[in-house]
Amino acid sequence: MVKRVCFISLTLLLTLMTPHSTQACGGFFCSNVPMNQAAERILFTKRNDGKITTHVQIQFSGSKTDFAWILPVPSVPELGISHNSVFQQLQFATQPTFQLEWEESDCEFLPPPIFRNFDDGVLEAAAGGDVEVIAEERIGPYDTAIITSTDPTAMTEWLVNNGYQLDALGADLLRPYTDMGMYFIALRLAPDSDVGDLQPISMTYEAQNPMIPIKLTAIAAEPNMGVQVWILGQDRAIPENYLHVEINEAAIDWLNFGSNYDQVLTDAADEAGGQAFTTEYAGKSSIMADRIYRPGQYDNLGLLSSRTDPVSFLEGLLILGFPRDAQMQSLIRRNITIPQRVWDEGVLQVIYRGDRERYEEAKKDSVTFQATVERSFYNNLEAYREYLGDVQFDPVAFISDIDNIIVTPLTEAQALFADHPYLTRLYTTLSANEMTVDPTFAFNPDLLEVSNIHTAKAKYE
């Protein structure tokens, strides 16, 4: 008798595993599984008033003094802040999936093999060679400046003299944009902000179609860096000056749920000359309905204004279901500072059970020690109550921070999907030598929708 061996479905396996994984942490300071941080992520919205609204996810590792972010735009922009949840939910909703449909068979079931997840017009030139400062303002955690000049050398000198660390970003890279009379958005962290406060930026400006100034990215690009673009509008978006490719699905590793997808896409783009996008999803924007913000979701936030006890306040935030991400962690750190007594006595007793030898040894690795203390303290303030002393806590100020930095950006981002019926997701990988043309995007109402769910028939042999 021939014994047939089959694979248990991934859906069932995840269902069996989920209860254990979701109960691992009950606070805001938990280990988060990062999205593919090697990819650039941008959301464009072609608005009905002819303007473009752009949300850009900002990624950076290093010290706050080294952070600087420069972006050319075709007209004077209106700046705001966005939130990482926008990109997380876009990723979850439109992520390409590769599933096998097995024929029915009487067989023994074994677990699946181990696999890795994958994320998963010309402008008139401005006159003069001096730098014109259009605006300087504080936006979220950033000090921002909007400047313009036809002299790229003057531009770089102004940026350096005003504290922007440009590294390899020099006049030669800026010249194509200064020659077109473009405006530049310059960001740096405000004095009271740190790297943990980084969040996506939003900008609205007059432009005919979306464009990515990819040539500026080349100075720091990793080989085959992912470029992920979502575009909202009335119709399906298409690359205008890049080719469009379709992946070879026969090359997909279906047994491992498309774990080699990035490589298959890179191969397709390389065969097209290196500058090409594929469409991963094209269809109704309602796929994002209520994903970023649900009406009334945080209406009870104001009720926490009377909770002057930080322990009770954090419990209320957890009940309301705020995102458990780096942005919320940064807000908590700023509004609830760990008292020195906690570091000196509380940590010794709560984490190390009075074992001073282990406590002193742990302090030698300051980075790990700080992360351990923050996780323990902020996830269970009650355990440290006797060490809190006279903690200065202002719930009204905390609520104001949450409203400005989390609630308002989420509400405004969700409205974009309600106001624009069509969502397109495009993806490519680019190396530095391929970043010689800034990709632009247009719209084609005659093209069909594209599903992000891929299936293939399979049979046992």
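Residues are numbered from 1 along each chain as its sequence is written, and side-chain values use heavy atoms, with hydrogens and water left out. Because the model is predicted, local features need pLDDT of at least 70 and side-chain atom pairs count only at pLDDT 80 or more, while totals for chains, interfaces and linings use all residues.

**Exercise 1. The four-stranded sheet**

Task: State the strand order of the open sheet of four strands, its pairing sense, and what lies across it.

Solution. 

Step 1. Helices (H or I, at least four residues) and strands (E, at least two) are DSSP runs, numbered from the N terminus. Two strands pair if DSSP finds at least two bridges between them.

Step 2. The order is β4-β10-β9-β8, and the pairing is antiparallel. The edges are formed by β4 (69–73) and β8 (132–139), each of which pairs on one side only.

Step 3. On average, and with direction ignored, neighbouring strands of this sheet are turned by 20 degrees against each other.

Step 4. Seven antiparallel bridges join β9 (residues 142–148) to β10 (residues 183–189). Tyr142 has Leu189 in β10 as its bridge partner.

Step 5. Helix α3 (residues 152–161) lies across β4, β8, β9 and β10, and runs at about 160 degrees to β9. Axes here are lines fitted to C-alpha atoms, for helices over the stretch in contact, and angles run from 0 to 180 degrees between N-to-C directions.

**Exercise 2. Two helix pairs**

Task: Describe how α3 packs against α4 and how α7 packs against α11.

Solution. 

Step 1. Two packed helices are described by the angle between their axes and the distance between the axes.

Step 2. The axes of α3 and α4 (residues 171–179) come within 8 Å and cross at roughly 120 degrees. That makes α3 oblique to α4. Angles under 35 degrees count as roughly parallel, over 145 as roughly antiparallel, 65 to 115 as roughly perpendicular and the rest as oblique.

Step 3. The crossing of α3 and α4 is right-handed (the near helix is turned clockwise from the far one by less than a right angle).

Step 4. Contact means heavy atoms within 4.5 Å. Pro152, Thr153, Met155 and Thr156 of α3 make this contact with Ala171, Leu174, Arg175 and Thr178 of α4. These residues divide into four nonpolar, three polar and one charged. Ala, Val, Leu, Ile, Met, Phe, Trp, Tyr, Cys and Pro count as nonpolar, Asp, Glu, Lys and Arg as charged, and the others, Gly among them, as polar.

Step 5. For α7 (residues 326–335) and α11 (residues 395–419), the axes come within 11 Å and cross at roughly 155 degrees. The two helices are therefore roughly antiparallel to each other, and their crossing is right-handed.

Step 6. From α7, Gln327, Met328, Leu331, Ile332, Arg334 and Asn335 meet Ala397, Phe398, Asp401, Ile402, Ile405 and Ile406 of α11. The contact comprises eight nonpolar, two polar and two charged residues.

**Exercise 3. Enclosed helices**

Task: Which residues of α2 and α6 are buried, and what covers them?

Solution. 

Step 1. In α2 (residues 84–94), nine of the eleven residues are buried, so the helix is largely enclosed by the rest of the structure. They are Asn84, Ser85, Val86, Phe87, Gln89, Leu90, Gln91, Ala93 and Thr94.

Step 2. The cover over these residues of α2 includes β2 (40–46), β3, β12 (225–233), β15 (276–284), α11 and β16 (422–430).

Step 3. In α6 (residues 310–320), the buried residues are Pro310, Val311, Phe313, Leu314, Gly316, Leu317 and Leu320. Their cover includes α7, α10 (366–379) and α11.

Step 4. Gly321 follows α6 and has a positive phi, near 80 degrees.

Methods. Buried < 20%, exposed > 50% of the residue type's maximum accessible area, 1.4 Å probe, protein only.
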